[in-house]
Amino acid sequence: MTHIKIFERQIELLVWVKPGASHNQVLKPTERGLALSVCAKAQDGKANEAVIKLLSNFFNIPQSSISILKGHLGRQKRVGLPNREEVLTVLKTMLELPEKK
């Protein structure tokens with residue numbers, strides 16, 4: 001399973017979310033995707049909102065530029081991020097991606 005797909009305008013990132021955690025944090029890449037923990041419970045979309053806010057802070061991009069593409073009701077989600085240099089730099093560091101040619 002591919003954890004990241006890079007398109008011309010968007011980056012799709014697979015994440016694995018642990019709702020109801022004690023801290024909001026980006027943990028580490030796993031076989032299920034980039035592991036995240038959020039304090040919000042998986043109820044009424046609150047955990048999804050927390051995921052967007054966490055990723056917004058982590059990548060230093062606006063919340064409005066992040067979307068959940070797939071997995072609204074599950075722990076595994078495919079998230080859409082803008083294809084920007086600052087996002088790619090963070091992902092390259094975390095996931096050890098090859099340099100763009």
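Modeller: Strand 5 (residues 67-70) and strand 6 pair in the antiparallel sense, over three bridges. Strands pair here if DSSP finds at least two bridges between them. Helices (H or I, at least four residues) and strands (E, at least two) are DSSP runs, numbered from the N terminus.

Biologist: And what am I looking at, a prediction?

Modeller: This is a predicted model: local features need pLDDT of at least 70, side-chain atom pairs count only at pLDDT 80 or more, and totals for chains, interfaces and linings use all residues. Residues are numbered from 1 along each chain as its sequence is written, and side-chain values use heavy atoms, with hydrogens and water left out.

Biologist: Fine. Back to strand 6: which residue in it stands opposite S67?

Modeller: That's G80. K70 has R78 as its bridge partner in strand 6.

Biologist: What about the hairpin of strand 5 and strand 6, how many residues are between the strands?

Modeller: Five, and G71 takes a positive phi near 95° in that hairpin.

Biologist: How many bridges join strand 2 to strand 6?

Modeller: Seven, and those two strands run antiparallel. V15 has K77 as its bridge partner in strand 6.

Biologist: How many of the residues in strand 6 are buried?

Modeller: Six of its seven, so strand 6 is mostly covered. Buried means under 20% relative accessible area, exposed over 50%, and partly exposed in between (1.4 Å probe, protein chains only).

Biologist: Let's take I68. Where is it found, and is it buried or exposed?

Modeller: I68 is found in strand 5 and counts as buried because its relative accessibility is 11%. Leaving aside its neighbours within four places in sequence, I68 is in contact (heavy atoms within 4.5 Å) with N48, I52, K77, R78 and V79. I68 and E49 are 19 residues apart in sequence, and their C-alpha atoms are 9.5 Å apart.

Biologist: OK, on to the core. Which residues have the most contacts inside the largest nonpolar core?

Modeller: L13, L36, F59 and L81, in a core of 24 residues. A nonpolar core here is a set of buried Ala, Val, Leu, Ile, Met, Phe, Trp, Tyr and Cys residues joined through side-chain atoms within 4.5 Å.

Biologist: And which elements give two or more residues to this core?

Modeller: Strand 2 (10-18), strand 4 (33-37), helix 1 (46-59), strand 6 (76-82) and helix 2 (85-95). Helix 1 gives the most, with seven residues.

Biologist: How many aromatic pairs does the structure hold?

Modeller: One. F58 and F59 form that pair, edge-to-face, with 5.1 Å centre to centre and 85° between the planes. The rule is that rings of Phe, Tyr and Trp (its six-membered ring) pair if their centres lie within 6.5 Å; planes under 30 degrees apart count as stacked, over 60 as edge-to-face and the rest as tilted.

Biologist: Which ring does the charged end of R32 sit over?

Modeller: The ring of W16, 4.3 Å from its centre. For that label, NZ of Lys or CZ of Arg has to be within 6 Å of the ring centre and within 35 degrees of the ring normal.

Biologist: Switching to strand 3 and strand 4, how do they run?

Modeller: Antiparallel, with four bridges joining strand 3 (residues 25-30) to strand 4. The two form a hairpin with two residues between them, and T30 has G33 as its bridge partner in strand 4.

Biologist: What about S37, buried or exposed?

Modeller: S37 is in strand 4 and counts as buried, at 5% relative accessibility. A polar atom of the S37 side chain lies 2.9 Å from the backbone oxygen of H23. Leaving out neighbours within four places in sequence, the contacts of S37 are K18, A21, H23, N24, Q25, L27 and L54.

Biologist: Last one: where is R9 found?

Modeller: In the loop between strand 1 (4-6) and strand 2. R9 counts as exposed because its relative accessibility is 72%. R9 still touches L81, P82 and N83, not counting residues up to four places away in sequence.

Conventions:
Polar contact = N/O pair within 3.5 Å; in protein donor to acceptor, adjacent residues only side chain to side chain.
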